[in-house]
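Subject: Handing over the two-chain model

Dear colleague,

I am passing on the structure we spoke about, and I would be glad if you could look through it alongside the notes in this message.

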Number of protein chains: 2
Amino acid sequence: MPYRKEDQEIEQCDFIHVHEEIVDQVMKVMPEEGQLLDLAEFFKVFGDSTRIKILYVLSQAEMCVCDIATLLQMGQSAISHQLRVLKQMRLVKFRREGKTVFYSLADGHIQTILAQGMEHIEE
Amino acid sequence: MPYRKEDQEIEQCDFIHVHEEIVDQVMKVMPEEGQLLDLAEFFKVFGDSTRIKILYVLSQAEMCVCDIATLLQMGQSAISHQLRVLKQMRLVKFRREGKTVFYSLADGHIQTILAQGMEHIEE
DNA sequence: TAAACATATGAATAGTTGTTCATATGAGAA
DNA sequence: TTCTCATATGAACAACTATTCATATGTTTA
């Protein structure tokens, strides 16, 4: 949400022909602002093709950073930066083994969400 | 994916200590590039708090543009622009009734995806 | 210890995006 | 027709983001 009005009175429509019953009713069940912001942040992570690819390959097998970079034909640094984002959102977990760090999907939700997305774009 | 290397040889790791069996195996089952790009585009739509809010309020009731603007305390133009994005991704549908345009969610997937996201951020 | 390797990270930068403002379109009412 | 209302849209701009480059961190081996 890059832009924000500094002043208070935001001009919506003229407030007159708004369907009040609907608006009042939905206003009551609105989750708190923070929760919806978190939700958007969560989905934002899926909204980048590099991260989607990383999630996809990790859904197939546990893998180190170099494996992913090789599969996606991208630089190690780019992958590492994106893995950090995925880590922060707890979409991936990792374990060290010597010099190597193996990444894998954090839990089952991730695959469910990916599958739902696939279903939508495929009909 | 803002940046793209012009030249071919992208330096990954040194290709030597990559786990070949894994990489080869996953390479075979990788969906085509376009499908993963579409998937990222699809999720990108969920990755903005304004659009998440719009989807949420529409999950509660069919609504006109002004209703949404009032509920979200935002300008009519901003809502209209975002509804266009949602329309293009076929996440919302609409019907005209005189001067008013009523929007609603396009199908059930949307609510499922929202719910899965909520579940993830809430544990 | 030093060298080699795997990964992480900070800075810089170019591409992208969401909101605002001004205006256009389109439908109903006068 | 003209006026008003509801919505849509193009341009501009500030904030954001993903990649690259250079370098740092941390682990293993010699």
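The notes below take up the interface between the chains and then the salt bridges.

Please keep in mind that this is a predicted model, and that every value below is computed from it.

On the interface, the contact draws on 67 residues of chain B and 68 residues of chain A. The area buried between chain B and chain A comes to about 6,000 Å², and carbon and sulfur atoms account for 70% of that area. As to polar interactions, three salt bridges are found across the interface of chain B and chain A, and eleven residue pairs are in polar contact between chain B and chain A, with both residues at pLDDT 80 or more. On the side of chain B that touches chain A, the elements giving two or more residues are helices H1 (20-29), H2 (33-46), H3 (49-60), H4 (65-72) and H6 (108-121), together with strands E1 (63-64) and E3 (100-105), of chain B. The residues on that side of chain B divide into 38 nonpolar, 16 polar and 13 charged. A salt bridge also joins the side chains of Lys53(A) and Glu33(B), with an N to O distance of 3.0 Å.

Turning to the salt bridges over all chains, the count comes to nine. In chain A, the side chains of Glu62(A) and Arg95(A) meet at 2.7 Å, N to O; because Glu62(A) lies in the loop between helix H3 (49-60) and strand E1 (63-64) of chain A, while Arg95(A) belongs to strand E2 (residues 92-97) of chain A, the pair ties together parts that are 33 residues apart in sequence. Glu62(A) is partly exposed, at a relative accessible area of 32%, and Arg95(A) is also partly exposed, at 35%.

In chain B, Glu62(B) forms a salt bridge with Arg95(B), whose closest N and O atoms are 2.7 Å apart. This pair links distant parts of the chain, with Glu62(B) in the loop between H3 and E1 of chain B and Arg95(B) in strand E2 (residues 92-97) of chain B, 33 residues apart. Salt bridges that share partners join Glu62(A), Arg95(A) and Glu97(A) into one network.

Finally, Lys44(B) and Glu41(B) form a salt bridge at 3.1 Å, N to O, and both lie in helix H2 of chain B, three residues apart, about one turn of the helix. Lys44(B) is partly exposed at 34% relative accessible area, and Glu41(B) is partly exposed at 36%.

Note on methods. Residues are numbered from 1 along each chain as its sequence is written. Chains are lettered from A and ligands numbered from 1 in the order in which they are written. Side-chain values use heavy atoms; hydrogens and water are left out. Contact means heavy atoms within 4.5 Å. Buried area is the accessible area (1.4 Å probe) that two parts lose on being put together, summed over both. A salt bridge is a side-chain nitrogen of Lys or Arg within 4 Å of a carboxyl oxygen of Asp or Glu. A polar contact is a pair of N or O atoms within 3.5 Å; within protein, one must be able to donate a hydrogen and the other to accept it, and residues adjacent in sequence count only if both atoms are side-chain atoms. Helices (H or I, at least four residues) and strands (E, at least two) are DSSP runs, numbered from the N terminus. Ala, Val, Leu, Ile, Met, Phe, Trp, Tyr, Cys and Pro count as nonpolar, Asp, Glu, Lys and Arg as charged, and the others, Gly among them, as polar. Buried means under 20% relative accessible area, exposed over 50%, partly exposed in between (1.4 Å probe, protein chains only).
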